[in-house]
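User: Please take me through the reading of this model feature by feature, giving the general idea before each case.

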Amino acid sequence: MENTNPLVPQTQPETENVPQNKKLSPGSFASFIYKVLKQVHPNMGISNKAMSIVNSFVWEMFIRIATEAGRLARYNKKHTLTSREIQTAVRLLFPGELAKHAVSEGTKAVTKYNSSIQLNEHKKKEESSEEESSEEESSAEESSEVQPQNSISINIKDQDLTSTVVYTDQAPDVEGLIVEALKKLSVNKEWVSAIAIRKSIEQLDLLPVSSVAPMVSEGLSKLLEDKKLLKQGKSYKLQQD
């Protein structure tokens with residue numbers, strides 16, 4: 001018998017030019033219908049004819065919801081269907097409790113989809129941050145040098161700065177580096193920021209990049225305690241004798 005219902009999609013007949021293994025039907029909800037059946041009645045089965053009838057029913061409701069949602073979008077002068085139009089269409093087409101259950105399940109599906117997108121974005125951000133941190137660690141390891149075992153004197157040349165820094169206990173004199181950096185940077189301005197001091201010491205390549213910031217912070221604190229520096233906000237200058 002020929003299907004005369006315009007809301008149910010017609011299945012196109014096979015032709016000679018179309019491969020036999022190609023599906024010509026617009027789609028099937030059979031797998032989803034079977035999953036719902038097993039959730040409601042785990043011990044019950046369904047015949048192929050019954051599955052075809054239920055599938056046609058689902059397709060008809062799908063087309064009705066899509067048509068009504070499109071009509072609502074045009075009425076509101078919108079060019080994109082959203083979950084709001086779908087929800088309103090379901091409330092208009094479905095009766096009573098069925099509409100409530102449909103809206104509830106649809107809201108759960110939309111919430112799950114949005115949370116999965118946010119989770120994927122969060123994972124991508126974590127992966128990018130981990131890659132950046134690994135690159136910084138590798139660059140810090142490449143720039144780090146083996147410290148001498150004994151105390152030595154080394155002559156440092158950094159642009160116009162020439163000073164002698166003494167290594168003690170296998171580590172450079174950070175306080176001396178800070179003082180020399182302040183002497184160089186205070187030529188152009190009276191107060192020098194902690195960031196400028198740190199960058200000036202990093203250019204000397206005497207310490208691993210990752211350890212410069214904490215060592216400079218500790219050195220500034222010691223110099224302030226010894227009253228060798230003055231502090232204004234986040235800037236410093238040498239105490240005048």
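Analyst: Let us begin with a single side chain: Lys222 has a relative accessible area of 36% and is therefore partly exposed, a class that lies between buried (under 20%) and exposed (over 50%), with a 1.4 Å probe and protein chains only. The model is predicted, so local features need pLDDT of at least 70 and side-chain atom pairs count only at pLDDT 80 or more, whereas totals for chains, interfaces and linings use all residues. Residues are numbered from 1 along each chain as its sequence is written, and side-chain values use heavy atoms, with hydrogens and water left out.

User: With which residue does the side chain of Lys222 meet in a salt bridge?

Analyst: Side chains of opposite charge can pair when their charged atoms come close. The term salt bridge requires a side-chain nitrogen of Lys or Arg within 4 Å of a carboxyl oxygen of Asp or Glu. Here the partner of Lys222 is Glu218, at 3.6 Å from N to O, and Glu218 is itself partly exposed at 47%. Both residues lie in helix α7, 4 residues apart, which is about one turn of the helix; helices (H or I, at least four residues) and strands (E, at least two) are DSSP runs, numbered from the N terminus.

User: Which residue has a positive phi although it is not a glycine?

Analyst: Backbone angles are read residue by residue, and here the case is Lys77, with a phi of about 60°. Lys77 is placed in the loop between α2 and α3 (83–93) and counts as exposed because its relative accessibility is 74%.

User: Where is confidence lowest, and where is it highest?

Analyst: The score to read is pLDDT, the predictor's confidence in each residue, from 0 to 100. Its mean over the protein is 75, and 73% of the residues reach 70 or more. Strand β2 (residues 161–168) has the lowest confidence, at a mean of 42, while α2 has the highest, at 93. The pLDDT is below 50 over residues 6–24, a stretch with 17 contacts in the model beyond near neighbours in sequence, and also over residues 145–170, where the corresponding number is 46.

User: How many helices and strands does the secondary structure of the protein come to?

Analyst: Such a count gives an outline of the chain, and here there are 7 helices and 6 strands. From the N terminus on, the elements run α-α-α-α-β-β-β-α-β-α-α-β-β, and buried residues make up 22% of the 241 residues.

Note on methods:
Contact = heavy atoms within 4.5 Å.
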